Amino acid sequence: MLTKNVLNLQILRSARVLFYFSPGIRWRWRRLPAQRQSGRSASSDVSGVPPEDIRNFSIIAHVDHGKSTLADRLLEGAGAMARDSGRHQVLDSLQVERERGITVKAQAASLAYVRDGRTYLLNLMDTPGHVDFANEVSRSLAACQGVVLLVDANEGVQAQTVANFHLAAGKQLVVIPVLNKVDLKHADPDRVSEQLTKLFGFRKSDIIKISAKFGTGVDDVIRTIIERVPPPPADRSAPFRALLFDSWYDRYRGTVSLVYVTDGSVKMGDRIVSLHSGKNYEVRGLGLLRPHEEPTDQLLAGQVGYVTCNMRSTKEAHIGDTLHLKDCAVTPLPGFRPARPMVYAGVYPTDQSQHLSLRAAIDKLVLNDSAVSVANESSPALGQGWRLGFLGLLHLEVFTQRLDQEFDAQAIVTAPSVPYKATIFGAKNIKKYGGSEIVISNPAHFPDLSIVSEFLEPMVLGTIITPDKYLGSVTTLCMEKRGEKKSSTYIDNERVMVQFILPLNEVVVDFHDILKSVSSGYASFDYEDYGYVPSKLVKLTILLNGVVVDELATIVHISRAYNTARQMCLKLKDTIPRQMIQISIQAVVQGKIVARETLQPYRKDVTAKLYGGDVTRRMKLLKQQAEGKKKMKKVANIELPHKTFIEVLKR
Ligand code: GTP
């Protein structure tokens, strides 16, 4: 039976326009290739391509080094997109990706490429560059045998280049070094080749120089992928086995899972089993992403494709799961570490009448973003809401922007907090909390000091690459942020790579922005998990006119308590608009008031004296006031702008 989706594909193909249903929930359109290019075809049948002619690879790079642009050129090279289509960053299909110029969601495309009369199937995974989405990179690499490590020939090796290289090398993948943007006036391919040789041991002759923007050198990249990336080790006669490495939700077909078939084959109507849950499902749809969905009757070992079955929720599509045929046991494929939230924030409707619609919007978005964790939460001031866990602050911002853009659902986001831990003692307390070690993802749940033997704080290993003239200010910044230096290496005559162990809490909110400003934009930063260490933590509570505002509470290191308290009081004084009453802002730590500010009331009503001819101006002012009020929240009888909660923690 044809699904509505497939029907649309078929009807509109004749009009050379394709409507497709993207993981971003909306219907989108894209022009199909105008013409087949000789020897390369988007629609050439790739189902018969044997495993030895398949190459599964990913492009990894620091943010903005040109991954999506190179992906465009590869799509054109394989005839999946016309050279003159005028479309850019085709695999970045979400509105937020296009507006911010970043990749948020990894995407896949199966490309047919003809070389010396042989058709190769190139499975490309485009991955996000920002550190928050490193987990997407790691997932995509599980389906690859090789990577293209793309480096901007002007900017040189950056922090994420190093992190991504180690990720790929750690998985024993073939790494193809490529220098991009050689067309730029200030590009210095020799210097950057030197860095690649020194840091990663590449041979200079192996480094390919390209301009993804103008397409120069891209054929070389394709040739090298075919020559150097090994074909997937696929046994098509073995029982079916596949790695589930991504999923999204389609309102008509339910969960769509992206799988890498390692053994055997699966066809329509087969019953497949999730090794993780033991549940079995009937296969209702199979296909390749080229990059639009192209249905097939079966998926074969070596291929990367999508499967739809009667999975109702993306929660059932466990990332890293092994799928196999019913009654045909297999050994599990090596999975990978699930995404772990690094930042938590409370998300509340702007007014409680919006609760149901915001809940529906969050549920839908989470269906396509399984990295977000959701738990119910309530607050005396903000009502019923949720505590959401994100991979980082950018992830949080992107999520709330998508709520607004894709669902028209505005939300109040409370100050972000990292997950601390506490070791508690006393049999009664351990029973109450369900264990001796508890995770504190919400400062409001900070346990009483009398039952805690130790607090633990999450740490990261931060890698910074900077021109050496900024090394002093970068080091000062890291020290200020309670960092401990681990190593320092010169990667060429003027650039140095330093590693610091830093508390996650200190890097999560504004570290990146300050680093950019102290290094005139030249330093880059990446971090990885470094476990938990014991730490002296206290809860900082804010009182507005004597009333505790739980949503503004935060957990800080004791050495930071006084400064943070002062900064928060000043920031609140700046952010809260003057009101009819005087507002006292107090910060309390361990029962003592450590900082205080006073916000004076309005002198007079600015609209009161506008008569007669000023009617329009008065209406305009009243309208502006009403608009402003809509974006306010009443806490302790005080109107707080929505942004207050997230703004106060920024420096
Ligand atoms: P993220 O998705 O955010 O990780 O970025 P990305 O690595 O996918 O980079 P993207 O392809 O979005 O390119 C970033 C910018 O560099 C865009 O403005 C591109 O037009 C530009 N760019 C990419 N390749 C080249 C090139 O070869 N030459 C020049 N001059 N500009 C390029």
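**Loops, rings and helices in a predicted model**

Visitor: Where is the place of Gln590?
Guide: In this predicted model, Gln590 sits in the loop that joins β31 (583–589) to β32 (592–599).

Visitor: What is phi of Gln590 near?
Guide: The phi angle of Gln590 is near 45°. That is a positive value in a residue other than glycine.

Visitor: And what about phi of Asp116?
Guide: Asp116 is not a glycine either, and its phi is positive, near 50°. The residue belongs to the loop between β4 (107–115) and β5 (118–126).

Visitor: Is Asp116 buried or exposed?
Guide: Asp116 counts as exposed because its relative accessibility is 72%, and the cut-off for that class is over 50%.

Visitor: Let us turn to aromatic rings. How many aromatic pairs does a search of the whole structure find?
Guide: The search finds eight aromatic pairs. One of them is formed by Phe165 and Phe202. Their ring centres are 5.7 Å apart and their planes meet at 85°, so this pair is edge-to-face.

Visitor: Which parts of the chain does the pair of Phe165 and Phe202 tie together?
Guide: Phe165 is in helix α5 (residues 159–170), while Phe202 is in the loop between α6 (189–200) and β8 (208–209). The pair therefore ties together parts that are 37 residues apart in sequence.

Visitor: Is Phe165 buried or exposed? And Phe202?
Guide: Phe165 counts as buried, at 11% relative accessibility. Phe202 is buried as well, at 10%.

Visitor: How accessible is Tyr470, and how accessible is Tyr522?
Guide: Tyr470 is buried, with a relative accessible area of 13%. Tyr522 counts as partly exposed, at 48%.

Visitor: Back to Phe202. Which residues is Phe202 in contact with, leaving aside neighbours within four places in sequence?
Guide: Phe202 is in contact with Leu149, Phe165, Val175, Pro177, Leu196, Thr197 and Ile207. The C-alpha atoms of Phe202 and Val175 are separated by 9.2 Å, and these two residues are 27 residues apart along the chain. Ring pairs also link Phe202 with Phe165 and Phe200 into a cluster.

Visitor: What lies over the face of Tyr532?
Guide: Lys421 does, at 4.1 Å from the ring centre.

Visitor: Now the helices. At what angle do α11 and α13 pack?
Guide: The angle is about 155°, and the axes of α11 and α13 are 9 Å apart. The two helices are therefore roughly antiparallel to each other, as angles over 145 degrees are placed in that class. The crossing of α11 past α13 is right-handed.

Visitor: Which residues in α11 and α13 meet?
Guide: From α11, Ser473, Val474, Leu477 and Cys478 take part. They meet Phe511, Ile514, Leu515 and Val518 in α13.

Visitor: Why is helix α2 described as largely enclosed?
Guide: Eleven of the eleven residues of α2 (residues 67–77) are buried, so the helix is largely enclosed by the rest of the structure. Among them are Lys67, Asp72, Arg73 and Glu76.

Visitor: Where is Glu506 found, and is Glu506 buried or exposed?
Guide: Glu506 lies in helix α12 (residues 504–508). At 6% relative accessibility, Glu506 counts as buried. Apart from residues up to four places away in sequence, Glu506 touches Lys481, Arg482, Phe511 and Arg560.

Visitor: One last residue. Where does Val460 lie, and is Val460 buried or exposed?
Guide: Val460 is part of strand β24 (residues 452–467). Val460 counts as buried, at 1% relative accessibility.

Visitor: What does Val460 touch, not counting residues up to four places away in sequence?
Guide: The contacts of Val460 include Met342, Phe500, Leu504, Tyr527 and Tyr530. Although Val460 and Tyr530 are 70 residues apart along the chain, their C-alpha atoms are separated by 4.5 Å.

Note on methods:
Residues are numbered from 1 along each chain as its sequence is written. This is a predicted model: local features need pLDDT of at least 70, side-chain atom pairs count only at pLDDT 80 or more; totals for chains, interfaces and linings use all residues. Side-chain values use heavy atoms; hydrogens and water are left out. Helices (H or I, at least four residues) and strands (E, at least two) are DSSP runs, numbered from the N terminus. Buried means under 20% relative accessible area, exposed over 50%, partly exposed in between (1.4 Å probe, protein chains only). Contact means heavy atoms within 4.5 Å. Rings of Phe, Tyr and Trp (its six-membered ring) pair if their centres lie within 6.5 Å; planes under 30 degrees apart count as stacked, over 60 as edge-to-face and the rest as tilted. A charge sits over a ring if NZ of Lys or CZ of Arg is within 6 Å of the ring centre and within 35 degrees of the ring normal. Axes are lines fitted to C-alpha atoms, for helices over the stretch in contact, and angles run from 0 to 180 degrees between N-to-C directions. Angles under 35 degrees count as roughly parallel, over 145 as roughly antiparallel, 65 to 115 as roughly perpendicular and the rest as oblique. A crossing is left-handed if the near helix is turned anticlockwise from the far one by less than a right angle, and right-handed if clockwise.
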